[in-house]
Amino acid sequence: MLLGERMLTDLAGLDAETRAAEIHPSSIVASGARIGHGVRIGPWCSIGPDVTIEDGVHLIANVIIDGHTHIGPGVVCFPFTTIGMAPQDLKYRGEPTRCTIGARTVIRENVTIHRGTATGSGVTRVGDDCLIMANSHVAHDCTLGNGVIIVNNVVMGGHVTIGDHARIMGAAALHQFVRIGRAALVGGVCGVEADVIPYGSVLGNRARLVGLHWIWLKRNGVQPDELHLLRRAFRALYPRAMDEESTAFSRRLASVRADYGSDPKVAEILAFIEAPSHRGLVRVAGGGAASIESDGV
């Protein structure tokens, strides 16, 4: 039974639109919840009074959604998912913070997604067309872009930002306030303590930058000429250890901007590097480190 709400064993107290949804009689839908057309709520689900569920959502079974939470159209939640529950932050005092899940996102078994905090952005956001695999945790005030894939057992601290189309492999751990750039790849069982540049690829017990996410770039239509340009820009910015000069990073940054900054992806990487950061940038791996040749999904 939801705190402060009566248990609804039938649909008599709900509005006409909610009554038109397919709701299993064992589930609890609090008075005040807004349920769209074609929503299917399976057995033993619990929906709080401030929740909005848009059209075509499917809650398979044993899903709990609470708080000021908005679930976009076509979302699928597998059993034992919880969304919008109170954050694991000792400073939280019950403020009406929010959680939003974008259209067509799939959330697999045992995933936990917490609402934001008043001392953070106030909202936890997951974008459109994401896949969050089993046993993963999206903490308070995190922001996930569109098309993000989170593989099993990934954990995030609060305030993590993940750009569109990034891939986070299994059992990776992301420190609070870390930024993961667009289409970056984080290897499995990888502890990420600092920011990963757009299209970057990191490996290791403590994440180290080993190159760019070449597989994603190739699969998403980047042509050979631009791939070669990106490789040259990356090597100019992060020389191999055997070739590395004593040039300061700021000078290499200026040189790459002058030589390659007209390319949109290089410009995106440079803008990310120069943006404010709580954690700094991931360090570069030694010259012998292997790169990731598959995005693993």
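Student: How do you know that the length of helix α4 agrees with its number of residues?
Tutor: Take 1.5 Å times one less than the number of residues as the expected span. For the 12 residues of α4 (249-260) that should give 16 Å, and the end C-alpha atoms are 16 Å apart, so the two agree. Helices here are DSSP runs of H or I with at least four residues, strands are runs of E with at least two, and both are numbered from the N terminus. Bear in mind that this is a predicted model, where local features need pLDDT of at least 70 and side-chain atom pairs 80 or more, while totals for chains, interfaces and linings use all residues. Residues are numbered from 1 along each chain as its sequence is written, and side-chain values use heavy atoms, leaving out hydrogens and water.

Student: Which residues of α4 are buried, and what makes them one face?
Tutor: R252, L253, V256 and Y260 are buried. Down the axis of α4, the buried residues fall within an arc of 105°, so they line one face of the helix; the arc is taken from the directions from the helix axis to the C-beta atoms. Buried is under 20% relative accessible area, exposed is over 50%, and partly exposed is in between, with a 1.4 Å probe and protein chains only. As for the spacing, an α-helix has 3.6 residues a turn, so residues three or four places apart point the same way. Turned away from the buried side of α4 are the exposed residues S250, R251 and A258. The cover over the buried residues includes α3 (224-237) and α5 (264-274), with contact meaning heavy atoms within 4.5 Å.

Student: Why is the pair Y199 and W216 called tilted?
Tutor: Rings of Phe, Tyr and Trp (its six-membered ring) pair if their centres lie within 6.5 Å; planes under 30 degrees apart are stacked, over 60 edge-to-face, and the rest tilted. That rule gives 3 aromatic pairs. For Y199 and W216 the centres are 6.0 Å apart and the planes are at 40°, so the pair is tilted. Y199 sits in the loop between β26 (191-192) and β27 (200-203), and W216 in helix α2 (214-219), 17 residues apart. Y199, at 1% relative accessible area, counts as buried, and so does W216 at 5%.

Student: What makes Y238 and F249 a tilted pair?
Tutor: Their ring centres are 5.9 Å apart and the planes are at 35°, so this pair is tilted. Y238 lies in the loop between α3 and α4, while F249 is in helix α4, 11 residues apart. With a relative accessible area of 6%, Y238 is buried, whereas F249 is partly exposed at 28%. Ring pairs also join F234, Y238 and F249 into a cluster.

Student: How do you know that R108 lies over the face of F78?
Tutor: The rule wants NZ of Lys or CZ of Arg within 6 Å of the ring centre and within 35 degrees of the ring normal. R108 lies over the face of F78 at 3.7 Å from the ring centre. R179 lies over the face of F272, at 3.9 Å from the ring centre.

Student: Why is F80 called partly exposed?
Tutor: F80 has a relative accessible area of 49%, so it counts as partly exposed. F80 is in the loop between β10 (76-77) and β11 (82-85), and its phi is near 70°, a positive value in a residue other than glycine.
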